[in-house]
Amino acid sequence: MSYFKIPALAKFAVLTVVFALQGAAMAAPSDAPASATQSVAPASASQTVPRATKRHHEKKGMALVVPGFGTVKHKVVNSLKLNDSQMKLLADAQAAQDAFQKSLHDLKRTARQEQKAQLDTGKIDPHAAQKAADDMWKKDMGASRDQLTQKWLAVWDALDGAQQQKVTAYLKEKADKHTGHRKD
């Protein structure tokens, strides 16, 4: 019986030595200049960023909302050359948008916790859950959404005719592109 264990132990010993030598080779200093090794580190660090974080940064492209028509990217807003009062209105609307999104996230989290509690008890009431969701939207989110819309409309009203025309052209181009995708 010990005869069959020796080859397995020998294989294990050989693998251990191979992995130890590989680890030593990886840890050994290379002949490459220090700047080359430093340039590799940030690239590998950027590859380890979670996908959700990348998506979050991509969503930061929104800089302006035109109620009823959609979002306008930073690039377009920068081309508008906003004055100080317009910038203040824009910053105020963006802050209100962030606060609205946070409160919406918190309300959804609370609703999920309530749903989980019902599921844990084994009894659910879809009618009551839907009524609670409707009440939340009417009471909590309706007024906040209206205030937010008013802030974005104030930004739109503060734009001069040429600025509004640039934004309109961008939104038309965006809509045409979307319509083109739909036809295909």
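The lining of the second largest pocket consists of ten nonpolar, three polar and five charged residues. Here Ala, Val, Leu, Ile, Met, Phe, Trp, Tyr, Cys and Pro count as nonpolar, Asp, Glu, Lys and Arg as charged, and the others, Gly among them, as polar. The model is predicted, so local features need pLDDT of at least 70 and side-chain atom pairs pLDDT 80 or more, while totals for chains, interfaces and linings use all residues. Residues are numbered from 1 along each chain as its sequence is written, and side-chain values use heavy atoms, with hydrogens and water left out.

This pocket is lined by 18 residues, and A111, E114, A129, A132 and A133 are the ones nearest its centre. Helices α5 and α6 each give at least two residues to the lining, and the largest share, nine residues, comes from α6. The space in the second largest pocket is about 430 Å³. A pocket is an open set of points on a 1 Å grid over the protein atoms alone, where a 1.4 Å probe fits, with protein on both sides within 12 Å along at least five of seven lines; lining residues have an atom within 4 Å of a point.

The protein chain contains seven helices and two strands, in the order α-α-α-β-β-α-α-α-α along the sequence. Helices (H or I, at least four residues) and strands (E, at least two) are DSSP runs, numbered from the N terminus. The chain exposes about 14600 Å², of which carbon and sulfur atoms supply 61%; the area comes from the Shrake-Rupley method with a 1.4 Å probe. Of the 184 residues, 14% are buried, where buried means under 20% relative accessible area, exposed over 50%, and partly exposed in between (1.4 Å probe, protein chains only). Among contacts (heavy atoms within 4.5 Å) with a separation of 6 or more, 69% join residues 24 or more positions apart.

The largest nonpolar core has 22 residues, of which L64, V72, V77, L90, W152 and V167 touch the most other members. Strand β1 (62–66) and helices α4 (74–79), α5 (84–121), α6 (126–158) and α7 (161–183) each supply at least two of its residues. The largest share, five residues, comes from α5. Such a core is a set of buried Ala, Val, Leu, Ile, Met, Phe, Trp, Tyr and Cys residues joined through side-chain atoms within 4.5 Å. Leaving aside residues up to four places away in sequence, W152 touches A63, L64, V65, P67, L90, A93, Q94 and Q97.

Two further residues are set out below.

| Residue | Place | Relative accessible area |

K81 has a phi near 50°, a positive value in a residue other than glycine.

Conventions: Grid points are joined across faces, edges and corners, and a volume is the space filled by probe spheres set on the points.
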